[in-house]
Amino acid sequence: MDASLLDLFWEGFELESYEIPPPNSLLLRLAPKSSQPPFCSDCGQATLLIHDVSRRHVRERDLFNYWVWLEVPVRRVRCADCGVRREKIRWLAGRRNLPQALVNYVEALVRLLPVKQVAELLGLHWHTVKSIDHQRLTCEVTAPDLGRVQRLIMDEFALFKGHRYATVAICADTQQVLLIGEGRSRKAVRPFFEWMGKKVCRRIEAVAMDMNTAMDLEVQKHCPKARVVYDLFHVVAKFGREVIDRVRVDQANLLRDSPAERRVIKRSRWLLLRNPGNLSQEQGVKLEELLAATAPLTTVYVLKTQLKELWYAPSENEARRRWGEWFAMALDSGIKPLMLFAKRLQSYLSGIVASAVFRLNTSVLEGMNNRIKVLKRMAYGYRDNDYFFLKIKAAFSGKTR
Ligand SMILES: [Zn+2]
């Protein structure tokens, strides 16, 4: 290979020899260029006094179908000003002894793939991949700007072990993560409001969240002006679990003597949870048949659609009127899970009708929820909350205003 071409990759070194160990590795032995003295990594001055030399094996980026390894003699020099220092090798990144090109490649891949897969792909230890990503994130994630925060979205999500939770707060307008912390109790979310400070807290107008959380009490305590808004996404998901799923199972049990019909209903979950607009014509016909065969399912399905209308009411009064209608229909249905759900939902009415005034886009929360699930898979296996939270912060670093 031409010397100047090698300089492009491994400045200051030349190729001494190479080997092709099976099955598909390429080992390149590099030697320092005799024409060039080593430089002190601290002050940068050239020196001719070599203290010692250690041969490092480092993984380089792949070349065609070869896994490339380098054997690099790294010298320590006796600098006149600094004493014993490693020589300066610009393409070898920091203390990790990995080529900068490989580090850059890891940083690009780990945005797209789980740590484990990147490690396998490149033949690196997962710990190395994770620590490269961790360092990148630490540099990239900047402190959030509280300057214009007026509306918040708060949510909780399960951590790796399932029974432990974390709480995340984002600015509803910029979609920047403001804070993430372990826990979901009032005590756990309190530091968030203390961190924001009284001045910012007093400015908060609305906070969107799930029902049944400790957050609303804490919001009311710290943010005197804030209106709690219960988010459509969570309510509809809850309706799916507590009403539609329940009715579907009850119906299937009633049809125990009719295996064919029962099978159809048991398989119908996704048809019922999907947006009718997203169904193909054939699927639409199936859905119609299914609904006709099962009157209670029809009822809960219609009421699910109608429930959503509450969030799109043009005014709080109209939202209350729609609620009144919905509530009466739910109670008249005679369907127990639906009646129970409606009664429970009633105590959250104020936070539901608030959505007519404070339009906090529910798709943000739903999108965030899904994105966190993906990130959890990508960071999975490492049980490192600090790393996981950094990944979330980087994913929600805010829209440019
Ligand atoms: Zn020096």
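This is a predicted model: local features need pLDDT of at least 70, side-chain atom pairs count only at pLDDT 80 or more; totals for chains, interfaces and linings use all residues.
Residue numbers start from 1 along each chain as its sequence is written.

The protein contains 17 helices and twelve strands; these are DSSP runs numbered from the N terminus, with helices being H or I of at least four residues and strands E of at least two. The C-alpha trace spans about 90 × 60 × 35 Å along its principal axes. Of the 401 residues, 30% are buried. A residue counts as buried if 20 or more other C-beta atoms, placed from the backbone, lie within 10 Å of its own, as exposed if 12 or fewer do, and as partly exposed in between.

The domain assignment, which is automatic or from a database, gives domain 1 (1–90), domain 2 (95–140), domain 3 (151–231 + 360–395) and domain 4 (233–356). The C-alpha centres of domain 2 and domain 4 are 46 Å apart.

Helix α4 (residues 126–140) has 15 residues, and its first and last C-alpha atoms are 21 Å apart, close to the 21 Å expected at 1.5 Å a residue; the expected span is 1.5 Å times one less than the number of residues. Its buried residues are Val-129, Lys-130, Ile-132, Asp-133 and Leu-137. These residues fall within an arc of 160° seen down the axis, so they line one face of α4. The arc is that of the directions from the helix axis to the C-beta atoms. Exposed residues His-127, Thr-138 and Cys-139 lie on the face of α4 turned away from the buried side.

Ala-319, Arg-322, Trp-323 and Ala-330 are its buried residues. They lie on the same side of α13, because they cover an arc of only 110° around the axis. On the other side of α13, the exposed residues are Asn-317, Gly-324, Glu-325, Ala-328 and Asp-332. Just after α13, Gly-334 has a positive phi of about 75°.
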